[in-house]
Amino acid sequence: MTEHYLNNTKHFHSVFSDEINFSRPPPVWFMRQAGRYLPEYKSLRAQAKDFLDFCFTPSLAAEATLQPIRRFNFDAAILFADILLVPYALGQSVRFEENIGPVLESLSGNPTLLSRLSPDNVMGCLDCVYETVSRVKSELPSDVALIGFAGAPWTVATYMIGGRSTKDRAPALAYASRKPQELTFLLDMLVEATVPYLEGQIKAGAEVIQLFDTWAGDLSEFDFESYVIKPTAEIVRRLRSKYPHVDIIGFPRGVGNLYVDYVKRTGVSGISIDASVEPSWAAQHLCPLGVVQGNIDPEVVVLGGEVMEASVARLRETLYGLRFIAGLGHGILPHTPPEHVAELVDEIRRMP
Ligand code: CP3
């Protein structure tokens, strides 16, 4: 953190800086805080031709970003977009199908496809996302931070290789063992595309960046080093050299003890942890290294009530009073009652 925020530090940014007030409850936002659990999201979504069109229409995407901010008392908004806009911008066909999810022209099924993709195609293709960021920025209350994001190279590659959501990322893991050079080439290309994409978001007003590496936990420790740490460290290094004031939160989901290596070796300033991590372990091993974010189980928000209160109580006992952002271990589930989200935010903000 630099002087940039010192005069008017938003609560969200304060946890990364010397301005932190340890007696305040932590800042709070939730992954997938915009989405199908909100009736107003569903009606907005119905105005777009398809999901990509939704992401690429600044008026609609800005509104989707702001909907959860109007409804709930969050400290941050996250840009409404998707990690698969980058493969689309590289030149791969991407579409989203009802009840299936993303469908891409798969790299494992099309041997010549890789040579047709290029980071040069990205220039200009994602300008409408930057337009969404600046629209949101101009409408966002001044005390709410704006988070930009991208998928981390490995996770984006799993979709590019497999062509769709797969149970165990088997196509991508097979590709990693059979075609390690192609995979490295692809990850390098994703770094080349992701850095200018995130710079575009930052220039348009994103103040924090989150890197989603949902499938980092699939890899062996050795491959984790090559396919997660290395490309992520390169993205962080390049963004930091130009934008030292922007905080970067990494989310290598499901990596257990390797969360420690990840923070140390990638240089992220924040680490988002999944629900399997024991909060007291995170307090001891991760808080000394950076800001910790997480990690209530999204299923608990579906249940609500005492179970949800108990989850907050555990965070209160272990992570409150440290450099901590309260959130979920993964995205809000589509069948989550919105009232539970409101109750959870209130509970997080309640100091005993
Ligand atoms: O509110 C927010 O968090 C911001 C918007 C956001 C979306 N996707 C919107 C979205 C963010 C940050 C993402 C990230 C994303 N996208 C990830 C990483 C985080 C994670 O969830 O693990 C991944 C793996 C994707 C790829 C993706 N996009 C899949 C697999 C799917 C289909 C599954 C599903 O939930 O439907 C999507 C579609 C998607 N992205 C939706 C939303 C709101 C649902 C689409 C719809 O409205 O029909």
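The model is predicted, so to speak of local features a pLDDT of at least 70 is needed, side-chain atom pairs count only at pLDDT 80 or more, and totals for chains, interfaces and linings use all residues. Residues are numbered from 1 along each chain as its sequence is written, and side-chain values use heavy atoms, with hydrogens and water left out.

**Exercise 1. The ligand's surroundings**

Find how many residues surround the ligand, and sort them by class.

Step 1. Count a residue as near if one of its heavy atoms lies within 4 Å of the ligand. This gives 23 residues, and the closest are Arg-32, Arg-36, Tyr-41, Asp-82 and His-330.

Step 2. Sort by class: Ala, Val, Leu, Ile, Met, Phe, Trp, Tyr, Cys and Pro are nonpolar, Asp, Glu, Lys and Arg are charged, and the others, Gly among them, are polar. The shell then has 14 nonpolar, 5 polar and 4 charged residues.

Step 3. Look for helices (H or I, at least four residues) and strands (E, at least two), which are DSSP runs numbered from the N terminus. Both α2 (39-45) and β3 (101-104) supply at least two residues of the shell.

**Exercise 2. Backbone contacts and burial**

Step 1. Read off the pairs. A polar backbone atom of Arg-32 is 2.7 Å from a ligand oxygen, one of Gln-33 is 3.3 Å from a ligand oxygen, and one of Ala-34 is 3.1 Å from a ligand oxygen.

Step 2. Alone, the ligand exposes 870 Å² (Shrake-Rupley method, 1.4 Å probe), and the protein buries 88% of that.

**Exercise 3. Pocket and cavity**

Describe the largest pocket and the largest cavity.

Step 1. On a 1 Å grid over the protein atoms alone, a cavity is a set of points where a 1.4 Å probe fits but cannot get out; a pocket is an open set with protein on both sides within 12 Å along at least five of seven lines; lining residues have an atom within 4 Å of a point.

Step 2. Take the pocket. It holds about 1400 Å³ of space. Its lining has 42 residues, with Arg-32, Arg-36, Phe-51, Asp-82 and Phe-96 closest to the centre. The largest share, 3 residues, comes from α2.

Step 3. Take the cavity. The search finds 1 cavity of 30 Å³ or more, and the largest cavity has a volume of about 70 Å³. Its lining has 14 residues, including Val-15 and Leu-322.

**Exercise 4. Backbone geometry**

Where is the cis peptide bond, and which residue has a positive phi although it is not a glycine?

Step 1. The cis bond joins Gly-294 and Asn-295, with omega about -20 degrees; Asn-295 lies in strand β8 (residues 291-296).

Step 2. Asn-99 has a phi of about 65 degrees, and Asn-99 lies in the loop between β2 and β3.

Conventions:
A residue is near a molecule or strand if one of its heavy atoms lies within 4 Å of it. A polar contact is a pair of N or O atoms within 3.5 Å; within protein, one must be able to donate a hydrogen and the other to accept it, and residues adjacent in sequence count only if both atoms are side-chain atoms. Grid points are joined across faces, edges and corners, and a volume is the space filled by probe spheres set on the points.
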